[in-house]
Amino acid sequence: MASPARRTRETDDATVNAMGGDRNVFASRACDACRALGSFMVLVVLAIVGLTYYATVVVVYGPLAAEGGEDAGVATGALCAYHVFAFMLLWSYFACVLTAPGDVPRGWTPAPEDPEEAASEAKKSNSEKRRRFCKKCAAWKPTRTHHCSVCKRCVLKMDHHCVWVANCVGAYNYKFFLQFLAYTFLATVLDAILLLSNFIDFFKDVDPAEGTELAVVFVTFIVNVAFSASLLGFLVMHGNLILSNMTTIEMYEKKKTLPWKYDLGRFRNFKEVFGENVFMWFLPVHSSSHLEKMRVNTGISDGECLEGAAYARACESAQREATIGNRKGRA
Ligand SMILES: [Zn+2]
Ligand SMILES: [Zn+2]
């Protein structure tokens with residue numbers, strides 16, 4: 001029987017690994033539930049943004065700016081700042097939802113293995129097989145690629161499957177995901193500050209005619225505070241992961257293997273995700289030069305795309321390697 005450590009290495013399934021166990025009925029049902037949530041979570045996000053927009057713009061600051069009193073200037077400034085954050089939040093959100101996280105190119109096959117290099121790599125405690133094959137997709141996969149049980153496909157430099165964006169977070173939308181977190185955090189903090197005085201008013205004697213609107217503001221304030229607190233935790237966690245060039249899956253799988261082989265230094269690690277162009281750090285788009293570098297970072301450039309019979313032969317050899325590996329494992 002395989003040892004627990006071997007089982008973890010062999011089970012190349014992001015969801016299962018994140019849970020720290022083998023594939024089982026619970027994991028399978030959790031994946032089904034995530035899939036069923038799908039676009040429903042997109043509606044939940046839009047409903048929260050809509051509620052916040054209604055409370056901030058329609059109920060409180062819009063009328064204040066329209067009245068033209070002494071607070072009109074402050075209200076107009078608050079509305080401008082809020083609209084900028086809300087726009088960036090939605091832009092980065094839909095960029096993350098709609099961008100393919102990183103499909104392995106059709107027919108991709110790793111370069112042939114150098115026996116000497118493979119032997120020296122095998123001696124290292126934190127080595128990973130350079131030629132990796134996904135049995136579920138029946139296809140080769142580059143380094144740092146993982147199979148997502150929810151999406152039922154392999155994802156390049158997969159970070160995790162996120163129900164909030166109804167998508168996997170991988171090489172090509174990780175930046176957008178982080179921007180979504182950051183802009184949502186800024187928007188929720190700003191909104192909590194803007195609604196604080198109205199929140200306090202809720203506890204005073206108020207005109208019953210304003211009761212419903214104040215209740216909406218009250219709920220919005222609570223939602224914003226709750227989201228900003230939880231997002232701060234996520235931002236700190238992902239900030240540490242970016243600076244050490246590690247994905248969430250790798251954090252669970254390999255956090256004890258030091259030194260981390262993908263660590264290029266904090267600033268270069270940051271630029272691997274956000275690109276070289278400072279302007280692009282704030283926008284949910286990739287420059288063409290950054291996309292080109294991703295081919296190297298995701299390991300795609302470390303192989304070639306084969307077609308038809310050539311690819312079928314390469315896959316057959318992978319199945320043979322896997323069978324031999326399993327026999328050795330049992331021996
Ligand atoms: Zn796969
Ligand atoms: Zn997924």
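## Burial and overall composition

A residue is termed buried if 20 or more other C-beta atoms lie within 10 Å of its own, exposed if 12 or fewer do, and partly exposed in between, with C-beta atoms placed from the backbone. Of the 331 residues of the chain, 33% count as buried. The chain contains twelve helices and eight strands, where helices (H or I, at least four residues) and strands (E, at least two) are DSSP runs numbered from the N terminus.

Two residues are in contact if their C-beta atoms, placed from the backbone, lie within 7 Å. Among contacts between residues at least 6 apart in sequence, 66% join residues at least 24 apart.

## Model and confidence

This is a predicted model, in which local features need pLDDT of at least 70 and side-chain atom pairs count only at pLDDT 80 or more, while totals for chains, interfaces and linings use all residues. Residues are numbered from 1 along each chain as its sequence is written, and chains are lettered from A and ligands numbered from 1 in the order in which they are written.

The pLDDT is the predictor's confidence in each residue, from 0 to 100. Its mean over the chain is 82, and 80% of the residues reach 70 or more. Residues 1-23 have pLDDT below 50; this stretch has 42 contacts in the model beyond near neighbours in sequence. Where pLDDT is low, the predicted coordinates should not be read in detail.

## Annotated transmembrane regions

The unreviewed UniProt entry annotates residues 36-61, 81-100, 180-203 and 215-236 as "transmembrane region"; such annotations may be inferred rather than shown by experiment. In the model, residues 81-100 are 90% helix and 0% strand, with end C-alpha atoms 30 Å apart. Residues 215-236 are 100% helix and 0% strand, and their end C-alpha atoms lie 32 Å apart.

## Packing of α7 and α8

Helix α7 (residues 174-201) packs with helix α8 (residues 211-243) at an angle of about 145 degrees, and the axes are 7 Å apart. Axes are lines fitted to C-alpha atoms, for helices over the stretch in contact, and angles run from 0 to 180 degrees between N-to-C directions. The contact of α7 with α8 has 18 nonpolar, seven polar and two charged residues.

## Two exposed helix positions

Pro63 lies in helix α4 (residues 40-67) and counts as exposed because it has 11 C-beta neighbours inside 10 Å. Its C-alpha atom is separated by 8.9 Å from that of Ala75, twelve residues apart along the chain.

Phe87, in helix α5 (residues 72-98), has 12 C-beta neighbours inside 10 Å and therefore also counts as exposed. Phe87 and Ala187 are 100 residues apart in sequence, with a C-alpha to C-alpha distance of 9.9 Å.

Conventions: Nonpolar A, V, L, I, M, F, W, Y, C, P; charged D, E, K, R; others polar.
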